[in-house]
Amino acid sequence: MKNIAILGSTGSIGTQALEVIEKNPDRFTVEVLTANNNTKLLIAQARQFRPNVVVIANEEKYDEVRDALASEPIKVYAGADAVAQVVSMGSVDLVLTAMVGYSGLLPTINAINAGKTIALANKETMVVAGELIVRLANEKKVDILPVDSEHSAIFQCLAGEFMNPIEKVILTCSGGPFHGRTAKELRAVTPEDALKHPSWDMGAKITIDSASLMNKGFEVIEAKWLFGLKPEQIDVVVHPQSIIHSLVEFQDGALKAQLGMPDMRVPIQYALAYPERLASDFPRFRFSDYPTLTFDTPDTENFRNLALSYEALHQGGNIACSLNASNEIAVKAFLDRKIAFTEMACINEAVMMKTSLVNEPSYEDYVETDREARERAVSLVNENS
């Protein structure tokens, strides 16, 4: 029996993880649930799964959650510090980091320091501070199990292959809802348009990132750190059907791919149960339903965020941290209709260019880089809106 802490239990990954846990009550128990603002769902989850601890990050909503759970044997805390602290509880075996953005960094660091296995769904943690996270995990002998479908696919393809060198990995990409659009067409894209992903059901932030190809860029950076790769060993291919989740090419030219329906419960369950594969009733892929699988090259000219991610990898240090911070501000500005869809990449590039490189950043350097990049991005948003 594994005791699971879910950071971000009310989001897309968190809710699907609870579906997996509900179907496997003899394998998993919920020890900790955290959420940012969604008190209604958090309270309902707490009543159903009866964790030991619940944390609402928004301190203004503490009274609401505490009062609603007063009759339950559940400890209720509030604030970002509480989220970062509960992962160290002795009763926690595995921490699923399903929070969105930079906020997942400190809890992940604390969980690694406490020796907890990490099921990583917060890719921004590796984007912001991949070098620090990998070094710390190696020091503490902590496993980081990828939950992103693409990285889970690579991880699965590497089973039994750990002694065989990787020539390259190929991350697949649906292309988002705007694949093939011209620059003029992209300038007219609305938030409503961008929130309609063709393959996956995700939260607003990651859906916008997918539409702009920033999500794929972040996955490139994440792959570098998770699998110890060089930038030139990571390719991206557009695959609109989202059936092949990623591929690994070995030095003899052989390719291994992981296929399946676009269902995040599969990689979530794989990470929670690793190294076992548990039976499931998830929808099965049938070749007859997909007689044609197609592939294309990503458009890095009109979708600059993917190219910027490779540039951040080549520069190294704290540059990807700056890119992530800027992007969080830019996405919010787009959703708030302050800037156009195409201006997100322009702001990200401008902030990256103004960032002073720190080759071997400490945690404090990452914090300062994040702060400065956000300030620059806000200033640029204000100039453009």
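Ser12 is found in helix α1, where helices (H or I, at least four residues) and strands (E, at least two) are DSSP runs numbered from the N terminus. The model is predicted, so that local features need pLDDT of at least 70 and side-chain atom pairs count only at pLDDT 80 or more, while totals for chains, interfaces and linings use all residues. Residues are numbered from 1 along each chain as its sequence is written, and side-chain values use heavy atoms, with hydrogens and water left out.

With a relative accessible area of 24%, Ser12 is partly exposed; buried means under 20%, exposed over 50%, and partly exposed in between (1.4 Å probe, protein chains only). The C-alpha atoms of Ser12 and Met264 are separated by 9.0 Å, although the two residues are 252 residues apart along the chain.

Helix α1 (residues 12–23) also has a helical partner. Its axis and that of helix α2 (residues 39–49) come within 12 Å and cross at roughly 15°; axes are lines fitted to C-alpha atoms, for helices over the stretch in contact, and angles run from 0 to 180 degrees between N-to-C directions. The helices α1 and α2 are therefore roughly parallel to each other, as angles under 35 degrees count as roughly parallel, over 145 as roughly antiparallel, 65 to 115 as roughly perpendicular and the rest as oblique. The crossing of α1 and α2 is left-handed, a term used if the near helix is turned anticlockwise from the far one by less than a right angle, and right-handed if clockwise. Thr15, Leu18, Ile21 and Glu22 of α1 make the contact with Leu41, Gln45, Gln48 and Phe49 of α2, contact meaning heavy atoms within 4.5 Å. By class, this contact of α1 with α2 has four nonpolar, three polar and one charged residues; Ala, Val, Leu, Ile, Met, Phe, Trp, Tyr, Cys and Pro count as nonpolar, Asp, Glu, Lys and Arg as charged, and the others, Gly among them, as polar.

On the α6 side, Lys123, Met126, Val127, Gly130, Glu131 and Val134 meet Asn215, Phe218, Glu219, Ile221, Glu222, Trp225 and Leu226 of α11. The contact of α6 with α11 has seven nonpolar, two polar and four charged residues.

Helix α11 is also among the elements that cover the buried residues of α7, together with β7 (144–146), β8, β10 (244–250), β11 (255–259) and α12 (265–273). Nine of the nine residues of α7 are buried, so this helix is largely enclosed by the rest of the structure.

The loop between α7 (149–157) and β8 (166–173) holds Glu161. At 17% relative accessibility, Glu161 counts as buried. Leaving aside its neighbours within four places in sequence, Glu161 is in contact with Phe250 and Lys256. The side chains of Glu161 and Lys256 are joined by a polar contact of 3.4 Å, that is, a pair of N or O atoms within 3.5 Å; within protein, one must be able to donate a hydrogen and the other to accept it, and residues adjacent in sequence count only if both atoms are side-chain atoms.

Another loop, between α15 (343–354) and α16 (363–384), contains Ser356. Ser356 is exposed, with a relative accessible area of 55%.
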